Amino acid sequence: MKNKRFAALALAALLLAALLAGCTFKTPASVGKIGDVEIPAGLYLLLQYNVYGRAEGLTTEEDVLKAALTVDGEDISGQDYVSRETLKAVENYAAVEILFAELGGSLTEEELASADGYAETLWAGSQEEFAQNGIGLASLRLWMENSARAGKLLEMVYGKDGEQPVADTELTAFIDENYARGSYLALPLLDYSTYTVLDEEGDSQMKEIADEIKAGLLAGEPMAALAAEYLPKAYELLGQGFDAANAEAAVGSLLAPASQLAQYGEQAQSDLLSAKPGDVVVVDAGINRLVCQMQEVLGDGVTLEDLRASALSEMKQEELDQALAEIGEGQPHALDQGAMDRYSPKNIKP
């Protein structure tokens with residue numbers, strides 16, 4: 001009986017050996033397609049790795065995939081977040097390729113070289129991390145070239161010669177409403193040598209200095225002259241010195257859209273955007289208190305062409321992103337679930 005059982009096991013082993021002799025186990029080279037766009041495995045791993053990094057920033061838990069995340073008011077597990085956002089990233093990659101081709105786009109040799117240069121820089125800086133997660137230089141190149149195409153789509157869709165061109169009058173009106181421009185003096189609120197902020201009394205004194213500068217500006221005094229007079233007093237509150245000879249260089253320039261102004265807080269953003277030329281606005285900007293005298297956004301050396309690309313992005317990027325999401329979601333999904341399972345985020349090495 002034992003001999004028969006041994007013979008059966010031996011035969012099974014021989015059959016398995018025969019099967020394995022003619023083949024080699026290989027990891028899938030692709031996770032499938034979105035529409036006609038192939039998604040190489042290395043690219044999939046890169047997109048997943050990027051999403052995993054975002055998830056890490058949303059939790060302090062060591063096990064990111066088991067962590068409970070809150071994203072835009074929604075509670076979601078780390079595992080589900082990484083899975084959902086990776087699929088979105090894959091769909092976006094494909095959508096960019098599809099729309100770019102439909103519009104007849106192409107990258108110049110210079111643009112391709114630039115994309116490759118970015119890829120090589122990323123590779124040089126994090127080669128070990130990428131390699132241990134199955135991500136090669138070729139995947140970084142694909143990603144950077146896709147990013148270059150995405151960067152050109154805004155102009156291809158909404159630019160002067162685009163599919164849905166935005167009129168100059170519309171763009172100018174948008175800039176007038178959503179950009180702020182001015183000159184400013186920055187009053188320090190932080191001692192860089194000790195990394196301590198002003199105490200309550202010092203902050204009150206700094207507010208008085210800001211009010212005096214504001215009054216001077218409204219009275220028509222030059223900003224550089226006010227810098228020479230008041231910045232030494234401001235820096236003295238922090239135990240620092242300021243050479244009045246540097247007053248001219250201390251005058252800063254502000255030219256920013258609403259999205260950037262939001263960093264100063266909702267009230268400051270509103271004050272800066274609603275101010276008229278000549279008005280003076282005082283804004284707390286973290287380590288500085290800015291005393292800004294506002295100007296016309298367009299004019300005096302700033303033209304529509306100077307702000308065209310920025311304004312198009314502010315005005316239409318969200319709309320383009322939504323269109324790309326719809327294109328990606330609407331394409332046939334021929335993704336290999338087995339391959340994606342093989343490349344599970346559980347294998348990621350942070």
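**Close-up views of pockets, salt bridges and a surface patch**

**View 1. Glutamate 85 and lysine 88 are joined by a salt bridge, with 3.5 Å between the closest N and O atoms.** A salt bridge is a side-chain nitrogen of Lys or Arg within 4 Å of a carboxyl oxygen of Asp or Glu. This is a predicted model, in which local features need pLDDT of at least 70 and side-chain atom pairs count only at pLDDT 80 or more, while totals for chains, interfaces and linings use all residues. Residues are numbered from 1 along each chain as its sequence is written, and side-chain values use heavy atoms, with hydrogens and water left out. Glutamate 85 and lysine 88 are 3 residues apart in helix 3, so about one helical turn separates them. Helices (H or I, at least four residues) and strands (E, at least two) are DSSP runs, numbered from the N terminus. Glutamate 85 is buried, at 12% relative accessible area, whereas lysine 88 is partly exposed, at 43%. Buried means under 20% relative accessible area, exposed over 50%, and partly exposed in between (1.4 Å probe, protein chains only). A network of salt bridges links Arg54, Glu74, Arg84, Glu85 and Lys88.

View 2. Lysine 316 is buried, with 14% relative accessible area, and glutamate 319 is partly exposed, with 37%.

**View 3. A salt bridge connects lysine 207 to aspartate 203.** The N to O distance is 3.8 Å. Both residues lie in helix 7 (residues 200-218), 4 residues apart, or about one turn of the helix. Lysine 207 has a relative accessible area of 44% and is partly exposed. The structure as a whole holds 14 salt bridges.

**View 4. The largest pocket has a volume of about 570 Å³.** On a 1 Å grid over the protein atoms alone, a pocket is an open set of points with protein on both sides within 12 Å along at least five of seven lines, and lining residues have an atom within 4 Å of a point. Grid points are joined across faces, edges and corners, and a volume is the space filled by probe spheres (1.4 Å probe) set on the points. The lining has 24 residues, and Lys88, Ala89, Asn92, Tyr93 and Asp321 lie nearest the centre. Helix 2 (41-56), helix 3 (78-102), helix 5 (137-158) and helix 11 (304-330) each give two or more residues to this lining. By type, the lining comprises 11 nonpolar, 7 polar and 6 charged residues. Ala, Val, Leu, Ile, Met, Phe, Trp, Tyr, Cys and Pro count as nonpolar, Asp, Glu, Lys and Arg as charged, and the others, Gly among them, as polar.

**View 5. The second largest pocket holds about 230 Å³ of space.** It is lined by 13 residues, with Tyr44, Ser83, Gln337, Met340 and Asp341 closest to its centre. Helix 2, helix 3 and helix 12 (337-342) each supply at least two lining residues; helix 3 gives the largest share, 5 residues. The lining divides into 6 nonpolar, 6 polar and 1 charged.

**View 6. Tyr192, Tyr195 and Ile287 make a nonpolar surface patch of about 360 Å².** Patch residues have over 30% relative accessible area and no salt bridge, and nonpolar side chains (Val, Leu, Ile, Met, Phe, Trp, Tyr) are joined within 5 Å. Accessible areas come from the Shrake-Rupley method with a 1.4 Å probe; for residues, only the protein chains shown count as cover. Tyrosine 195 lies in the loop between strand 6 (190-191) and strand 7 (196-197), and is exposed at 64% relative accessibility.

Conventions: Patches are made of residues with over 30% relative accessible area and no salt bridge: like charges are joined within 9 Å, nonpolar side chains (Val, Leu, Ile, Met, Phe, Trp, Tyr) within 5 Å.
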